[in-house]
Amino acid sequence: MENKTADLSEAMKKKIAPKSFTKNPIQGTKFTIAISSAKGGVGKSTFAINLAMALKNLGSKVGILDADIYGPSLPKMMDINKKPESDGKSLTPIEKYGVQCISIGLLVDEETPMIWRGPMVISAIKTFTQKVLWNNLDFLIIDMPPGTGDTQLTFSQEIKVDGAIIISTPQEIALLDVKRGIKMFDKLKVKIVGLIDNMSHFEGDDGKKYNIFGEGGVERVAKEFNKNFLGKIPIDPDVGKAADNGKPLVEENPEHKISKVYLELAKKIKLSFL
């Protein structure tokens with residue numbers, strides 16, 4: 001039994017070992033940032049879209065690629081109800097709120113389940129990175145699906161990714177997956193820009209902070225793996241309401257206290273690429 005376990009472990013290492021071939025840059029983009037969580041339900045998509053808005057407000061040209069094939073959320077969160085134009089060979093991203101957008105959710109009906117095996121997912125990802133006419137972007141934000149599977153491997157090994165930002169709540173069960181995500185990006189030699197503690201706490205009407213998911217876990221993991229800790233984003237109902245209404249909070253209300261948190265995070269992230 002021990003030998004079989006050792007063989008399986010060695011096989012997995014070989015599968016995700018970094019390859020030596022040159023990665024293919026995404027045409028029309030300067031920097032590509034993967035927003036990853038490894039764990040679902042931690043607010044990754046909300047972060048990706050509000051970060052894009054914050055970078056735009058800082059004067060950058062920004063695009064969002066929704067790479068979550070099985071659970072695309074960009075169309076709903078950006079209130080986009082039309083399909084991208086195509087000449088049969090390429091797709092033109094849809095611009096909304098000054099940001100260029102593409103998602104599998106723009107190509108199928110909202111309630112259509114994507115019952116696809118890995119090769120079909122990889123094919124879709126390559127279409128979005130090779131056949132979308134991104135127009136002179138400073139930053140392309142990739143909203144990654146949860147986990148450490150085919151999509152992550154494709155972006156890390158075959159497509160030019162300049163950095164990854166890992167999002168997590170401070171809950172221990174989420175941090176287990178964060179550690180796996182860190183190790184995956186390190187093995188694939190993808191720069192980790194930093195970790196963000198999302199939904200870190202809730203501020204009540206009484207002015208007190210309530211640490212619903214625990215406290216300090218993300219910052220502790222960042223120190224453990226010698227990664228940058230970029231900051232905390234508190235829980236605020238306005239963030240979810242804005243996303244449900246199809247207008248990200250940073251766009252809807254730039255003066256909101258959470259919008260200002262996103263703006264400060266965007267400044268840090270932008271500086272890390274200059």
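A residue counts as partly exposed when its relative accessible area falls between the limits for buried, under 20%, and exposed, over 50%. In this predicted model, Glu172 is partly exposed because its relative accessible area is 48%. Arg220 is likewise partly exposed, at 42%. The two residues form a salt bridge in which the closest N and O atoms are 2.6 Å apart. Glu172 belongs to helix H6 (residues 172-187) and Arg220 to helix H7 (residues 217-224), so this contact ties together parts separated by 48 residues in sequence.

The structure contains 10 salt bridges. One of them joins the side chains of Lys56 and Glu251, with an N to O distance of 2.6 Å. Since Lys56 is located in helix H2 (residues 44-57) and Glu251 in helix H9 (residues 249-252), the pair links parts that are 195 residues apart in sequence.

A further salt bridge, at 2.4 Å from N to O, connects Asp177 with Arg180. Both residues lie within helix H6, 3 residues apart, which corresponds to about one turn of the helix. Asp177 is buried, its relative accessible area being 16%, whereas Arg180 is partly exposed at 48%.

Within H10, the buried residues are Ile258, Ser259, Tyr262, Leu265, Ala266, Ile269 and Lys270. These residues cover an arc of only 135 degrees around the axis and therefore lie on the same side of H10.

Notes. Residues numbered from 1 in each chain as written. Predicted model: local features only at pLDDT ≥ 70, side-chain atom pairs only at ≥ 80, totals over all residues. Heavy atoms only, no water. Buried < 20%, exposed > 50% of the residue type's maximum accessible area, 1.4 Å probe, protein only. Helix = DSSP H or I, 4+ residues; strand = E, 2+ residues; numbered from the N terminus. Arc of directions from axis to C-beta. Salt bridge = Lys/Arg side-chain N within 4 Å of Asp/Glu carboxyl O.
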